Amino acid sequence: MEGLQDIWGWQPALYLFLGGMGAGAFIAAMVVYFREGDKARSTVFASLVAAVVCLAVGLLLLLSELITPLRGMMMWQSFSNFGSWMTFGAWIVFAALVVFALEAIVVWEKTAGALAKRIKGFDGYAPKLARALGVVSCVLGFCVAVYTGILLMSAPGVPLWNTLLLPCLFTVSALDTGVALVEVIALANRKKAALSKETNRILEYAVVALVVLELAVLALLLVSMAGSPVQESHEAAVAAQSAALVIGGDLALPFWALVVLVGLVCPLAAALVALVGKSDKAQGATLWGALGAMIGGCALRFIIVMAGLHADPVIDAVSQLLG
């Protein structure tokens, strides 16, 4: 497709999706754990493992963008410039990955049982340890979700990305897709350890709130980038061109079909059906809504990356001089 940026490939887009969803899934899993406790241990553990896998794969994709990916795995050498957002983000993701894994180990029923036999009194302080790690992990998870947007926002010369609305959008989307992933895992595990009706309703209410907020932030981002008919600068013109690609250009079909319809409208409708419908219908609606949210969240990252046209600073300077 003509006019699309070709500097960033599919790896960063997939990292932005997996990193955000993994962070959101951990936060959603901790909400379930804080409410349900050991009753939902198997669902929470599976959700934590999924979050760790998402972050690990995402970090590998981030490292693959380096000139020497294998050297990048020695993070203390490759990510030592803390004036760089990529360095800061890589360490945040790595720290979240470690703490997420520790939390999964503590929550795992077999680990808890084995430690209880070896360590006197472990049964007493294990829940406190899990909650303490959970709080720290939620903070790290939120930082990872925000960072997925900041990584793009910090890229110079791309007007579509150079706005605080982008981290806001990606953070809300990360929480939305994270809740969706936990819902899918909970449905798959419902015969072994079903979540309570109240917890399911909390997740559905969260979906409604997050989808409405995501729609609002997404609309605000595109409207602000579209600008006025008479552009004041080359950068504003490039921003409007990026927005046009998404709204009515080459990216319009996947945007309206996958992001808006499948990723936002369907999950919103499914959550409303789940809140008012009977058990069987609610479970079916939840499953399809969650799958739609994950498809839409992935498509959103790819579309935002592909629409990020670069504004040449030289052309911008000349345009300002001529103006």
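**Cavities, helices and burial in a predicted model**

Mentor: The largest cavity has a volume of about 50 Å³. The model is predicted, so local features need pLDDT of at least 70 and side-chain atom pairs count only at pLDDT 80 or more, while totals for chains, interfaces and linings use all residues. Residues are numbered from 1 along each chain as its sequence is written, and side-chain values use heavy atoms, with hydrogens and water left out.

Trainee: What makes a space a cavity, as against a pocket?

Mentor: Points are taken on a 1 Å grid over the protein atoms alone; a cavity is a set of them where a 1.4 Å probe fits but cannot get out, whereas a pocket is an open set with protein on both sides within 12 Å along at least five of seven lines. Grid points are joined across faces, edges and corners, and the volume is the space filled by probe spheres set on the points. Searching the whole structure gives two cavities of 30 Å³ or more.

Trainee: Which residues lie nearest the centre of the largest cavity?

Mentor: Glu 183, Val 207, Pro 267, Gly 289 and Ala 290 do, out of 13 lining residues. A lining residue has an atom within 4 Å of a point. Helix 8 (165–188), helix 10, helix 12 (252–276) and helix 13 (279–306) each supply at least two residues of this lining. Helix 13 gives the largest share, five residues.

Trainee: What classes of residue make up the lining of the largest cavity?

Mentor: Eight are nonpolar, two polar and three charged. Nonpolar means Ala, Val, Leu, Ile, Met, Phe, Trp, Tyr, Cys and Pro; charged means Asp, Glu, Lys and Arg; the others, Gly among them, count as polar.

Trainee: Which residues line the second largest cavity?

Mentor: The lining consists of Ser 173, Asp 176, Glu 214, Val 259, Gly 263, Leu 264, Ala 293, Gly 296 and Gly 297. Helix 8, helix 12 and helix 13 are the elements that give two or more residues to this lining. The second largest cavity has a volume of about 40 Å³, and its lining divides into three nonpolar, four polar and two charged residues.

Trainee: How many helices and strands does the chain have?

Mentor: It has 14 helices and zero strands. A helix is a DSSP run of H or I with at least four residues, a strand a run of E with at least two, and both are numbered from the N terminus.

Trainee: Why is Thr 199 called buried?

Mentor: Buried means under 20% relative accessible area, exposed over 50%, and partly exposed in between (1.4 Å probe, protein chains only). Thr 199 has 2% relative accessibility, so it counts as buried. Thr 199 lies in helix 10 (residues 197–226). Its contacts (heavy atoms within 4.5 Å), leaving aside neighbours within four places in sequence, are Val 32, Arg 35 and Glu 36. Across the chain of 323 residues, 49% are buried.

Trainee: Why is Trp 108 called partly exposed?

Mentor: Its relative accessible area is 37%, so Trp 108 falls in the middle class. Trp 108 lies in the loop between helix 5 and helix 6 (109–118). Neighbours within four places aside, Trp 108 is in contact with Arg 41 and Phe 45.

Trainee: What makes Trp 91 and Phe 94 an edge-to-face pair?

Mentor: Rings of Phe, Tyr and Trp (its six-membered ring) pair if their centres lie within 6.5 Å; planes under 30 degrees apart are stacked, over 60 edge-to-face, and the rest tilted. The count by this rule is four aromatic pairs. Trp 91 and Phe 94 are 5.8 Å centre to centre with 90° between the planes, an edge-to-face pair. They are three residues apart in helix 5 (residues 85–107), so about one helical turn separates them. Phe 255 and Trp 256 also form an edge-to-face pair, at 5.0 Å and 75°. Phe 255 is buried because its relative accessible area is 4%; Trp 256, at 45%, is partly exposed.
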